[in-house]
Amino acid sequence: MIAYILCAVLFFVTTAFSLAARGWMKRRFTPYRNVQAAEGLTGGTLARQLLDAADLSDVRVTPAPGHSADFYDSDFYDPKDRTLRLTAETMDGANVAALGAAAHEVGHAVQAADSGRKFWLRSDCMRMVDIGAQAAWILMQIGFFADFTLPLILGEALYMAMLVFTLIALPMERDASRRAMRLLEDGGYLTADFRREDAERILSVRSLAGVATVLTAHFRLFGFGLDKTSKERKKQLEHE
């Protein structure tokens, strides 16, 4: 009984941690939404200018479906279509939060042009993380409610793979922010309205979004793993 209570506590702690991590990043962005960009510069316009400055005029900038109130989980660069997809908040936002989010995604476009295989590895890793997270959660739920061990084992394996893939991709996120900072510096975009320290903070938060995913996956893996172990132990005690 104690083990089950502990598992329930770990589950809620994991959920709370995930929400807290997203809330922290949202709070870090929120003040910058109220800081207007110089001359009404929007994230979409900045992205276009930075891409042109990086000799990536063939990369398109288009609206992404849906909305992103947090500025870090819906904007993305699609290397297959060579398209930068920005949510309405980033595309049309004339504030420094939108500028930072757009610049980070331009950093990924520059990565794709310069790094080649490394960027494709990052894209493949993040695609596997998305698929693995959905599949693992379904398997864990089946195993948990049906008291069936195999789905739990498969779910744990997927969570471990998701953890590995996300860790592999993390350096690429940091590198994208570094590339974005260089483009902002070279283009003279860091002014009194968009200070260097503000840009560094926004880009840092954007690149650390993956860290929350890593830690959340780890805690979930641990919590469900403990639950599986406690169930197996209970079965052994019943047969003794």
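**Helix crossing and a buried threonine in a predicted model**

User: Why are helix 4 and helix 7 called oblique to each other?

Analyst: The axes of helix 4 (residues 96-115) and helix 7 (residues 196-207) cross at roughly 55° and come within 9 Å. Angles under 35 degrees count as roughly parallel, over 145 as roughly antiparallel, 65 to 115 as roughly perpendicular and the rest as oblique; helix 4 and helix 7 are therefore oblique. This is a predicted model, in which local features need pLDDT of at least 70, side-chain atom pairs count only at pLDDT 80 or more, and totals for chains, interfaces and linings use all residues. Residues are numbered from 1 along each chain as its sequence is written, and side-chain values use heavy atoms, with hydrogens and water left out.

User: What makes the contact of helix 4 with helix 7?

Analyst: Helix 4 contributes Val96, Ala97, Gly100, Ala101, His104 and Glu105, and helix 7 contributes Ile202, Leu203, Arg206 and Ser207; contact means heavy atoms within 4.5 Å.

User: Why does Thr42 count as buried?

Analyst: Buried means under 20% relative accessible area, exposed over 50%, and partly exposed in between (1.4 Å probe, protein chains only). Thr42 has 17% relative accessibility and therefore counts as buried. Thr42 lies in the loop between helix 1 (2-33) and helix 2 (43-53).

User: Which residues does Thr42 touch, not counting those up to four places away in sequence?

Analyst: Thr42 touches Met91, Asp92, Gly93, Ala94 and Leu99. A polar atom of the Thr42 side chain lies 3.5 Å from the backbone oxygen of Met91.

Definitions and conventions
Axes are lines fitted to C-alpha atoms, for helices over the stretch in contact, and angles run from 0 to 180 degrees between N-to-C directions. Helices (H or I, at least four residues) and strands (E, at least two) are DSSP runs, numbered from the N terminus. A polar contact is a pair of N or O atoms within 3.5 Å; within protein, one must be able to donate a hydrogen and the other to accept it, and residues adjacent in sequence count only if both atoms are side-chain atoms.
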